[in-house]
Amino acid sequence: MKALLQNLLKLQSLEFGEATDKNTKTLAAELRAKIPAPVLDHYDRLSVRGKKGVAIVRNQVCTGCHMRVPIGVISTILHGQDIQLCGNCGRYLCLSDEAGTEFLHRSVAPKPAQKLRKRKVPSHAA
């Protein structure tokens with residue numbers, strides 16, 4: 001799944017003019033051949049509207065629409081189980097390298113120990 005997202009990011013950078021190369025059209029055609037048709041169709045629907053099809057998640061926020069992304073979605077992306085769409089803007093989501101390591105450190109960090117509370121024993125007056 002990571003290779004698919006990397007191909008989508010490369011395609012996006014070529015099509016939105018972020019990369020300047022003489023063989024831009026041929027590189028874009030090669031990348032399009034590597035991407036499955038349903039994913040490419042969704043990406044094209046967004047790009048026709050002038051939107052980028054892929055957004056990076058930083059600090060648990062989609063950089064496309066600036067809305068918070070659920071932890072479960074981030075975890076799925078991190079583990080490479082499936083590709084995920086932003087629930088708000090519909091862009092494909094990917095993690096930057098820093099975001100992935102930051103998420104791992106947060107989820108693995110030990111939780112602070114809870115303090116034990118003393119129970120009050122009721123006094124029975126007989």
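Rings of Phe, Tyr and Trp (its six-membered ring) pair if their centres lie within 6.5 Å; planes under 30 degrees apart count as stacked, over 60 as edge-to-face and the rest as tilted. By this rule the structure has zero aromatic pairs.

This is a predicted model, in which local features need pLDDT of at least 70 and side-chain atom pairs count only at pLDDT 80 or more, while totals for chains, interfaces and linings use all residues. Residues are numbered from 1 along each chain as its sequence is written, and side-chain values use heavy atoms, with hydrogens and water left out.

**Overall layout**

The protein chain has five helices and four strands. Helices (H or I, at least four residues) and strands (E, at least two) are DSSP runs, numbered from the N terminus. Along the sequence the pattern reads α-α-α-β-β-α-β-β-α. Of the 126 residues, 35% count as buried. Buried means under 20% relative accessible area, exposed over 50%, and partly exposed in between (1.4 Å probe, protein chains only). A contact means heavy atoms within 4.5 Å. Among contacts between residues at least 6 apart in sequence, 60% join residues at least 24 apart.

**The sheet**

Strands of a sheet pair through backbone hydrogen bonds, either parallel or antiparallel. Here, two strands count as paired if DSSP finds at least two bridges between them. The four strands form an open sheet in the order 2-1-4-3, with mixed pairing. Strand 2 (61-62) and strand 3 (84-85) stand at the edges with a single partner strand each, so one side of each has no neighbour in the sheet. The table sets out the pairings.

| Strand 1 and strand 4 | parallel | four bridges | V57 and L95 |

Which residues cover the two faces of strand 4? Y92 and C94 lie on one side, L93 and L95 on the other, and all are buried.

**Helices and cores**

A nonpolar core is a set of buried Ala, Val, Leu, Ile, Met, Phe, Trp, Tyr and Cys residues joined through side-chain atoms within 4.5 Å. The largest one has 15 residues. L5, L8, L11, I35, V39, I83 and Y92 have the most contacts inside it. Helix 1, helix 2 (24-34), helix 3 (37-48) and strand 4 each give two or more residues to this core. The largest share, five residues, comes from helix 1. Leaving aside neighbours within four places in sequence, L8 touches I35, V39, Y43, V54 and Y92. Another core lies apart from this one; it has 13 residues, among them I74, I77, C86 and L95.

In helix 4 (residues 71-79), V73, I74, T76, I77 and L78 are buried. After helix 4 comes G80, with a positive phi near 70°.

**A charge over a ring**

A charge sits over a ring if NZ of Lys or CZ of Arg is within 6 Å of the ring centre and within 35 degrees of the ring normal. K52 lies over the face of F16, at 5.9 Å from the ring centre.
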